[in-house]
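Dear colleague,

Please find below the structure I promised to pass on to you.

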Amino acid sequence: MTSEKISRLEESIREEGSVLKGDLWVGPEGDSAVYTARSAGFCFGVQRALDTVYRQIEANESPIYTYGPIIHNEIVVHDLESRGVRVIETKKELEALSRGTVVIRSHGVAKEIYDLLEERHLHVVDATCPFVKKIHRIVEERSARGDEIVIIGSALHPEVEGIRGWCSSEVTVVETEEEAEAFRQKTDGDLCIVSQTTFNLKKFNKFVEIIRRLSYHETAVLNTICNATEERQTEARSIASLADAMIVIGGKHSSNTQKLYEICRKECSNTFFVQTFDDLNLRLVPFRGIVGISAGASTPNILIEEVSKLCRKILSRC
Ligand code: SF4
């Protein structure tokens, strides 16, 4: 039965245009396998932000600060700390700085933060992901012409706070179906709906449908979910639907990892959220059949490889 499932998985991987393009290891008896998602780990924006910080360290641009942790991964943040990079958590802390380099992470920040950095004459290195920057530009332009803005995403997520900070008109953040149902337009302007880059596509489409039904004005819908997220979610969903156990690796504060976990959990009840290598509770994971591995955008490749290697080792012995 499992061997048949593995053969089907191998076929899917070979199919042109398949979302399953990851790395498949098949056990010696042919009845167990480990699939590591190709889309697992650092996305382009996170890698870019991280490279930016390391370049500042090399250039000896000290003191170096990041506005918020550069990525949602404690191992990486600690490594940067050991190299002298300090994390600034609040606007107040930023106001207290008189010199140094401040790196803006991939999530981006509100316009007022750029203004503040300029006022304080701090050296700014902007590592905002270009896909997030694009949303800033959209809401800035749309709100300047009077559109009311709806951001579909988590209100407390720094990326959404940043997007919100580029809106000069009425803005509402919608995170749940209930909030979408409760939405009422407050102005007579057109409506412009954008999304947090890491939002679940299915939910986004659903909320848009609800808001459109309720809105009586022209509505521009801009799906600003980034491809990296979509690809990661689609690949994870596909492998989770076939897997006997699914391991999702990422930081506990990483919203994209949490969403990935939710998606996988729906498809596979044996889905495990793992933050570090030590979190992998070997007694809980049912090591048999197909084990799928995916990871959030802030998960270092080394950690994904370590987990993948361990799973192969255990399945080889079964
Ligand atoms: S998930 Fe997409 S938008 Fe977000 S940092 Fe990565 S590449 Fe950029």
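Predicted model: local features only at pLDDT ≥ 70, side-chain atom pairs only at ≥ 80, totals over all residues.

I begin with the ligand. There are 14 residues around the ligand, and of these C43, G45, C129, T197 and C226 come nearest. The elements that contribute two or more residues to this shell are helix 2 (44-58), helix 6 (130-144) and helix 10 (227-242), and the largest share, three residues, is supplied by helix 2. Sorted by class, the shell around the ligand has nine nonpolar and five polar residues, and no charged ones.

Next comes the sheet of four strands, which is open, has the order 4-3-5-6 and is paired in the parallel sense. Its edges are formed by strand 4 (85-88) and strand 6 (123-126), each of which pairs on one side only, and from one strand to the next the twist averages 30°. Within this sheet, strand 3 (residues 64-67) runs parallel to strand 5 and is joined to it by four bridges, with Y65 standing opposite V102 of strand 5. On to strand 6, strand 5 (residues 101-104) again pairs in the parallel sense, over four bridges; here V103 stands opposite V125 in strand 6, while I104 stands opposite D126 in that strand.

The other sheet to look at is an open one of five strands in the order 1-2-13-11-12, and its pairing is mixed. Strand 1 (23-26) and strand 12 (271-274) have a single partner strand each, so that one side of each is left without a neighbour in the sheet, and these two strands therefore stand at its edges. Neighbouring strands here are turned against each other by 15° on average, if direction is ignored. Strand 2 (residues 32-36) and strand 13 (residues 289-295) run parallel and are joined by five bridges, and the bridge partner of S32 in strand 13 is G289.

Helix 11 lies across strand 11, strand 12 and strand 13, and runs at about 170° to strand 11.

The crossing of the two helices is right-handed. On the side of helix 10 the contact is made by T229, R232, Q233, A236, R237, A240 and S241, and on the side of helix 11 by N256, L260, I263, C264 and E267. By class, the residues in this contact of helix 10 with helix 11 are five nonpolar, four polar and three charged.

With best regards

Note on methods:
Residues numbered from 1 in each chain as written. Near = placed C-beta within 6 Å. Nonpolar A, V, L, I, M, F, W, Y, C, P; charged D, E, K, R; others polar. Pairing = 2+ DSSP bridges. Axes fitted to C-alpha atoms, helices over the stretch in contact; angles between N-to-C directions. Left-handed = near helix turned anticlockwise from the far one by under 90°. Contact = placed C-beta atoms within 7 Å.
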